[in-house]
Amino acid sequence: MKKTITYGKHFIDQDDIDAVVDVLKHKNLTQGGEVESFENAVAEFVGAKYAVAMSSWTAGLHMANLALGIKKGDSVITSPITFVATSNSVIYCNAKPVFSDIDNITINLCPKKLEQTINDNPDVKAIIPVHYGGVSCDMESISQLAKKYNLFIIEDAAHALGARHSDGSMVGSCKFSDMTGFSFHPVKSIAAGEGGMITTNNYDIYKTLLRLRSHGINKLDDAFINKELSKTKETSNPWYYEMQELGFNYRITDIQCALGKSQLNKLDTFINKRKYLVDRYDKAFSNLNFINPIQKEFRAVSSHHIYVVRINFEKIKKSRAEVMNLLKNAGIITQVHYIPVTSQPYYANLKYITEEYKNSLEYYKECLTLPLYFSLTDEDQDYVINQLKGVLE
Ligand SMILES: Cc1ncc(COP(=O)(O)O)c(C=O)c1O
C-alpha cells in the first residue's frame, strides 16, 4: 500500500497509553483529580495563576466571551485568517464579530490597522488576537491599544502552546491579556483527543469559567444565594448546590486530561523536532524564489504549529488545486490555512461585512501548508521537498 504523508499528526508513546489505562483501571473517568492535575501542569508550564480545562477550545472561546460579559450590542475584533471557531464564539453570545486585516509579514492582526478598526467600531469591547501558526501577535502593541480604549483581550493560542511572545514571556502567561486559550485537538502541539484550556491571572474570571463549564452551578467557596436552604441549623446540607447563572456541560474527561498531561511532558521534545524540520525546509527552499516560507523572522519564538509557504500560482502557471492534487497522487497531503472567515457564506451573509480584507485575501490565494509533525522522518521530508520542487519547476 502506498504510504501517505499527512500535513499534521499526533504522536502517542507507551507513557501516554499507560497514563490513559491507569485512569480506565483505577480512577474516575470524569470529574476526578486528573483534570485539576492537567490544569496545574499547564498553568505552571506557561506561568499563569489559574487554568481551566474544557471539552474543546471552541467551548472555551464561548465561555471566555461570556466571562467578560460580551453580549448583544457588543463587538469583538479578530483576524480573518483564523479557524471559524474564533469568531463563531462571539456570535454564540449574540454579539458581533468584527474583522481587522492581517499584517503581511506576521500573518497576524496588524496593530496599526487594529487601531483603525477600533475607531471605526464604537461598540468594541474585546479583541481576540490569533497567534497564527504558533507565532505570537505583537501583544505589547495590542495590549497598549486595549488599555488606551479600555478593551479586554482573549488570546487565541490554539496554535501556540509552547510559543513565546517577543519579550520572551510564555504565551499563556497572560502578561498582555485577560485570558489565553489552547486546543488539544490531535494536530495541535499536544493531543488530548479533543480538549481545550484557558489560562488567566484573574481569580474572578477563573471562578466564572469553573461555573460556566458545569451548568452554572456554584463551586468550592462560592457564596450561596439562599443561605437558609444551604444549612440545617448550623450544619451545611450535604446535597445542596445552587445554579446561579446559565452554564453548560463543557467538561473534559479525566481520560483526556491524563493523555494531555502525559503529552505535556513531551512538549519541548515535540517543539524541538518541529523546529529541526522547519530549519530543514527553510534550507531546502532558501534559493528558490517561487517558494516563500512565511514567518521566517519568528523561528526562535514560534511553537511551529504549521509550515506554510506562499506560492504565486499565477506566476508558475499551475493552480493550487493542480499542485495539491499532483502532491496527493504522490501520497502527500497538503492543506490551506485558512479560507478567510469573512469569505465564508455564513459571514458574507452578515451584511455588515463590506470591507475588502486585502492582505488576508492575497495571503489566502498563495498559501499552502506542508507536512510537519513530530514523527516526520528526514527521508519523508526530503521526499516532500523533492516532489514539491518537481511539481512547481
Ligand atoms: C485558531 C483556532 N481557534 C480555535 C480553534 C478551535 O479549537 P478546538 O478544535 O479545540 O475547538 C482552532 C482549532 O482548530 C483553531 O485553529
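Begin with the whole chain. In this predicted model, the centres of domain 1 and domain 2, taken over C-alpha atoms, are separated by 27 Å. Colour residues 14-264 as domain 1 and residues 267-392 as domain 2.

Now select the contact between them. Domain 1 contributes 28 residues and domain 2 contributes 25 residues. Look at the side of domain 1 that touches domain 2: its residues comprise 14 nonpolar, 11 polar and three charged.

**The sheet**

Seven of them form an open sheet in the order 1-7-6-5-4-2-3. The pairing is mixed. In general, strands of a sheet pair through backbone hydrogen bonds, either parallel or antiparallel.

Find the edges. Strand 1 (50-54) and strand 3 (96-99) are the edge strands, each pairing on one side only. Between neighbouring strands of this sheet, the average turn is 25°, direction ignored.

Zoom in on one pair. Select residues 124-128 for strand 4 and residues 152-156 for strand 5. These two strands run parallel and pair over two bridges. Which residue of strand 5 stands opposite Ile127? Pick Ile153.

**Helices on the sheet**

Helix 3 lies across strand 1, strand 2 (75-78), strand 5, strand 6 (179-183) and strand 7. Against strand 6, helix 3 runs at about 165°.

**The ligand**

How many residues surround the ligand? There are 14, and the closest are Ser56, Trp57, Thr58, Ala158 and Ser183. Colour the shell by type: five residues are nonpolar, eight are polar and one is charged.

Last stop: select Ala223. Ala223 sits in the loop between helix 7 (203-213) and strand 8 (231-232). Is Ala223 buried or exposed? Ala223 counts as exposed because it has 9 C-beta neighbours inside 10 Å, and the cut-off for exposed is 12 or fewer.

Finally, draw a distance from Ala223 to Glu242. The two are 19 residues apart in sequence, and their C-alpha atoms are 9.5 Å apart in space.

Methods:
Residues numbered from 1 in each chain as written. Predicted model: local features only at pLDDT ≥ 70, side-chain atom pairs only at ≥ 80, totals over all residues. Helix = DSSP H or I, 4+ residues; strand = E, 2+ residues; numbered from the N terminus. Buried ≥ 20, exposed ≤ 12 C-beta atoms within 10 Å, placed from the backbone. Near = placed C-beta within 6 Å. Nonpolar A, V, L, I, M, F, W, Y, C, P; charged D, E, K, R; others polar. Pairing = 2+ DSSP bridges. Axes fitted to C-alpha atoms, helices over the stretch in contact; angles between N-to-C directions. Contact = placed C-beta atoms within 7 Å. Domains from an automatic or database assignment.
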